[in-house]
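Please read them with the structure open.

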There are 2 protein chains.
Amino acid sequence: MYLVTNERLNKMKKILNTRQDTLRVFMDYVYSPHNLSAIVRTCDAVNVGKLYYRHQKKVKLNNEITMGAHKWLFTEYVEDIENFYKNIKEKGYQVVVTLLDKDTIDFREVDYTKPTLIVLGNEVDGASEVSIKYADKKVIIPMYGMSQSLNVSVANAVILYEAQRQRSIKGMYDKPQLSQEIIEKTLKKWTYEDIIKAKK
Amino acid sequence: MYLVTNERLNKMKKILNTRQDTLRVFMDYVYSPHNLSAIVRTCDAVNVGKLYYRHQKKVKLNNEITMGAHKWLFTEYVEDIENFYKNIKEKGYQVVVTLLDKDTIDFREVDYTKPTLIVLGNEVDGASEVSIKYADKKVIIPMYGMSQSLNVSVANAVILYEAQRQRSIKGMYDKPQLSQEIIEKTLKKWTYEDIIKAKK
Ligand SMILES: C[S@@+](CC[C@H](N)C(=O)[O-])C[C@H]1O[C@@H](n2cnc3c(N)ncnc32)[C@H](O)[C@@H]1O
Ligand SMILES: C[S@@+](CC[C@H](N)C(=O)[O-])C[C@H]1O[C@@H](n2cnc3c(N)ncnc32)[C@H](O)[C@@H]1O
């Protein structure tokens with residue numbers, strides 16, 4: 001019996017083979033469902049390696065919020081923020097915090113082909129103190145109008161598509177970054193979940 | 001009596017002096033208040049010349065939707081769509097329709113330093129037939145994941161910031177595109193409205 005079509009299996013393989021393991025996003029207390037939903041969709045589209053998040057009240061990304069898109073991303077809830085930053089820096093990631101301060105550089109000056117964590121701030125308060133403490137780069141998207149800031153899901157997209165631009169020029173979407181082992185394991189999980197869903 | 005500070009007046013002047021008169025956006029039946037709000041903010045930030053829109057039910061952009069940002073943009077409700085496209089093409093604008101079809105080019109292949117109208121489609125149905133009929137270029141933003149599309153306010157931002165990139169390289173934010181007459185007239189209007197507001 002064949003419950004996962006070849007076309008769908010090929011799509012899954014293509015996603016895993018182009019996944020940008022070394023491009024990751026952290027939502028630092030982003031809370032609006034509309035923003036969460038748009039951010040998840042953009043992270044899926046640019047095919048980031050992992051989406052981290054934390055929330056004032058502990059929540060899970062669910063189907064209602066993301067219309068299923070989060071299922072295809074690797075996501076992780078951050079419990080211990082200090083540990084999180086220490087670990088990711090140990091792995092060689094640069095921490096790029098998006099910020100509206102004076103003390104920032106233009107977002108296009110960053111080399112996003114390096115292992116990079118992009119940090120998005122809360123809708124009202126911006127990025128937290130601890131995120132700023134661990135920042136290797138603080139970046140701003142230039143604005144020429146009256147508004148003080150962009151919507152956070154918009155800021156995320158502008159930066160991720162700059163990363164996509166740099167990475168596709170370098171051919172980073174052309175060869176797999178994930179290990180063959182992780183690709184196989186994930187394919188198993190995804191096809192299994194597809195079959196479960198089909199049986200319901 | 002001085003009700004508009006010098007700082008604020010300078011801000012207004014700066015906005016008008018960097019306004020990209022020849023970069024415009026048309027929202028073709030975009031309806032979600034969240035999307036309208038994010039699109040207005042991004043258009044303000046990139047400082048587009050004009051934001052056109054039409055709506056299934058005739059609406060106006062209001063403060064509730066845009067938190068005031070639309071007041072600083074030139075906006076126009078499109079009544080007669082055929083006329084609208086004929087007029088803008090006569091003025092020498094290229095019509096760039098964002099689309100999810102096969103028959104599209106990568107959005108980065110377009111020269112946005114030319115007079116350009118960017119067309120955004122409805123959240124469910126995409127761009128209308130008439131917009132597609134008048135399209136000079138049909139563009140897609142590449143996606144590598146499971147989702148079928150990006151959020152429309154996200155798509156708008158990714159394209160506008162590509163336009164901003166091309167235009168700032170060419171120095172197009174460094175000299176005024178609006179006539180001195182329009183700049184003066186708009187300054188009068190804006191300062192007047194500021195005083196009215198201050199009096200309330
Ligand atoms: C609405 S803004 C936060 C506004 C908050 N009042 C502040 O001053 O930080 C929400 C988030 O969007 C991102 N953001 C918005 N506009 C941005 C810009 N122009 N440059 C960089 N990040 C931006 C940042 O991650 C920010 O924390
Ligand atoms: C949610 S999409 C429309 C989906 C609709 N089902 C369709 O097939 O057109 C809303 C609008 O966002 C824009 N959009 C979304 N993703 C895009 C992409 N990858 N490339 C270009 N435009 C996109 C287009 O303007 C589109 O009309």
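**Notes on chain B and the pairing of the copies**

1. Both faces of strand β4(B) are covered: Gln94(B), Val96(B) and Thr98(B) are buried on one side, and Val95(B) and Val97(B) are buried on the other. That makes five of the five residues of β4(B) buried. In a regular strand, side chains alternate between the two faces of the sheet. Note that this is a predicted model.

2. β4(B) has a neighbour on each side in the sheet order, β6(B) and β7(B). With β6(B) it pairs in the parallel sense over four bridges, and Val95(B) stands opposite Leu117(B) there. Between β4(B) and β7(B) the pairing is parallel over three bridges, with Lys138(B) as the bridge partner of Val97(B).

3. The whole sheet is open and has seven strands in chain B, in the order β3-β2-β1-β6-β4-β7-β5, with parallel pairing. Its edge strands are β3(B), residues 75–77, and β5(B), residues 105–106, each of which pairs on one side only. For β5(B) the partner is β7(B), residues 137–140, joined in the parallel sense over two bridges; Asp106(B) has Ile140(B) as its bridge partner.

4. Which residues of helix α4(B) are buried? In this helix, residues 81–90, they include Ile81(B), Phe84(B), Tyr85(B) and Ile88(B). These four cover an arc of only 90° around the axis, and therefore lie on the same side of α4(B). Among the elements that cover them are β1(B), β2(B), β4(B) (94–98), β6(B) and helix α5(B) (129–134).

5. The two ends of α4(B) can be checked separately. At its start, a side-chain oxygen of Asp80(B) comes to within 3.3 Å of the backbone nitrogen of Glu82(B). After the helix comes Gly92(B), which has a positive phi, near 95°.

Conventions. Residues are numbered from 1 along each chain as its sequence is written. Chains are lettered from A and ligands numbered from 1 in the order in which they are written. This is a predicted model: local features need pLDDT of at least 70, side-chain atom pairs count only at pLDDT 80 or more; totals for chains, interfaces and linings use all residues. Side-chain values use heavy atoms; hydrogens and water are left out. Two strands pair if DSSP finds at least two bridges between them. Buried means under 20% relative accessible area, exposed over 50%, partly exposed in between (1.4 Å probe, protein chains only). The arc is that of the directions from the helix axis to the C-beta atoms. Contact means heavy atoms within 4.5 Å. A polar contact is a pair of N or O atoms within 3.5 Å; within protein, one must be able to donate a hydrogen and the other to accept it, and residues adjacent in sequence count only if both atoms are side-chain atoms.
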